[in-house]
Amino acid sequence: MNIFVTGNPRSGKSTLIRRLLDEISDKNVSGFITPEIRIDDARQGFKIIDLASKREEILASLNIKHGPSVSRYRVNVEGIDIIMDKFLESYDSSEYVIIDEIGMMEFYSKKFKETVKMVLHSDKKVVATLSKRFVKEYKEKGQVYILTRENFDEILDKVLRQIK
């Protein structure tokens, strides 16, 4: 079962993932999250954190000098690959897979693309946030919810009901 949550920036996609993780904290979960890196209330980049091992890498940053660029950030492809390896260590024993997010930065990693493809063809319960630009490509692969600040609670309830 694949569930995708998409929406505009700041619509609450990552917040929904955090709330979902709280609700299934007693389950065997693998996956990764991509929280912002903020300094003095200004976004400097993003981390990528493996949920099982808690291993962190920089996903993208204003301070990286080399690598592909997305907007004003440079992507740390090697860091994404490291987290994909960590994720795969816990994947087989998990019931749920959380992916925050399937987006432009992450797709610079070939290993990320291959991992997402494998996960979406599994029998696991997968919840992923999805960049709006990928909705067309992924809408046939599972249920897509469009999140807004106004429908946050409704979408969270629907996702929880589907995966439990």
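Helices (H or I, at least four residues) and strands (E, at least two) are DSSP runs, numbered from the N terminus. The structure is a predicted model, in which local features need pLDDT of at least 70 and side-chain atom pairs count only at pLDDT 80 or more, while totals for chains, interfaces and linings use all residues. Residues are numbered from 1 along each chain as its sequence is written, and side-chain values use heavy atoms, with hydrogens and water left out.

Asp40 is found in the loop between strand E3 (36–39) and E4. Its phi is near 50 degrees, a positive value in a residue other than glycine. Asp40 has a relative accessible area of 77% and is therefore exposed; buried means under 20% relative accessible area, exposed over 50%, and partly exposed in between (1.4 Å probe, protein chains only). Arg10 lies in the loop between E1 and H1. Arg10 is not a glycine either, yet has a positive phi of about 70 degrees. With 54% relative accessibility, Arg10 also counts as exposed. Most residues other than glycine have a negative phi.

The interior was described in terms of nonpolar cores. A nonpolar core is a set of buried Ala, Val, Leu, Ile, Met, Phe, Trp, Tyr and Cys residues joined through side-chain atoms within 4.5 Å. The largest nonpolar core has 28 residues, and those with the most contacts inside it are Phe32, Ile99, Ile102, Met105, Phe112 and Tyr138. At least two residues of this core come from each of strand E4 (42–50), strand E5 (56–61), strand E7 (73–75), helix H2 (77–91), strand E8 (96–102), helix H3 (110–120) and strand E9 (125–130). Helix H2 gives the most to this core, with five residues. Another core, of 22 residues, lies apart from it and includes Leu16, Leu20, Leu21 and Leu160.

Phe112 is found in helix H3. Its relative accessibility is 0%, so Phe112 counts as buried. Apart from residues up to four places away in sequence, Phe112 touches Phe32, Ile80, Met84, Glu101, Ile102, Glu106 and Phe107, where contact means heavy atoms within 4.5 Å. Phe112 and Val77 are 35 residues apart in sequence, and their C-alpha atoms are 9.3 Å apart in space.

Val119 is also placed in helix H3. At 1% relative accessibility, Val119 counts as buried. Not counting residues up to four places away in sequence, Val119 touches Asn2, Phe87, Tyr91, Val97, Ile99 and Val126. The C-alpha atoms of Val119 and Ile99, 20 residues apart along the chain, are separated by 9.8 Å.

Asn2, one of the residues touched by Val119, lies in strand E1 (residues 2–7). Asn2 has 10% relative accessibility and so counts as buried. Leaving aside neighbours within four places in sequence, Asn2 is in contact with Val119, Leu120, Val126, Lys141, Gly142 and Gln143. Between Asn2 and Ser94 there are 92 residues in sequence and 15 Å in space, C-alpha to C-alpha.

Two helix pairs were then considered. Axes are lines fitted to C-alpha atoms, for helices over the stretch in contact, and angles run from 0 to 180 degrees between N-to-C directions. The axes of H2 and H3 come within 9 Å and cross at roughly 25 degrees. H2 and H3 are therefore roughly parallel to each other; angles under 35 degrees count as roughly parallel, over 145 as roughly antiparallel, 65 to 115 as roughly perpendicular and the rest as oblique. In this pair, Ile80, Asp81, Met84, Asp85, Phe87, Leu88 and Tyr91 in H2 meet Lys111, Phe112, Thr115, Met118 and Val119 in H3. The residues of this contact divide into eight nonpolar, one polar and three charged. Here Ala, Val, Leu, Ile, Met, Phe, Trp, Tyr, Cys and Pro count as nonpolar, Asp, Glu, Lys and Arg as charged, and the others, Gly among them, as polar.

For helix H1 (residues 13–23) and helix H5 (residues 152–163), the axes come within 11 Å and cross at roughly 40 degrees. That makes H1 oblique to H5. Thr15, Leu16, Arg19, Leu20 and Glu23 in H1 meet Phe152, Asp153, Ile155, Leu156, Val159, Leu160 and Ile163 in H5. The contact of H1 with H5 has eight nonpolar residues, one polar and three charged.
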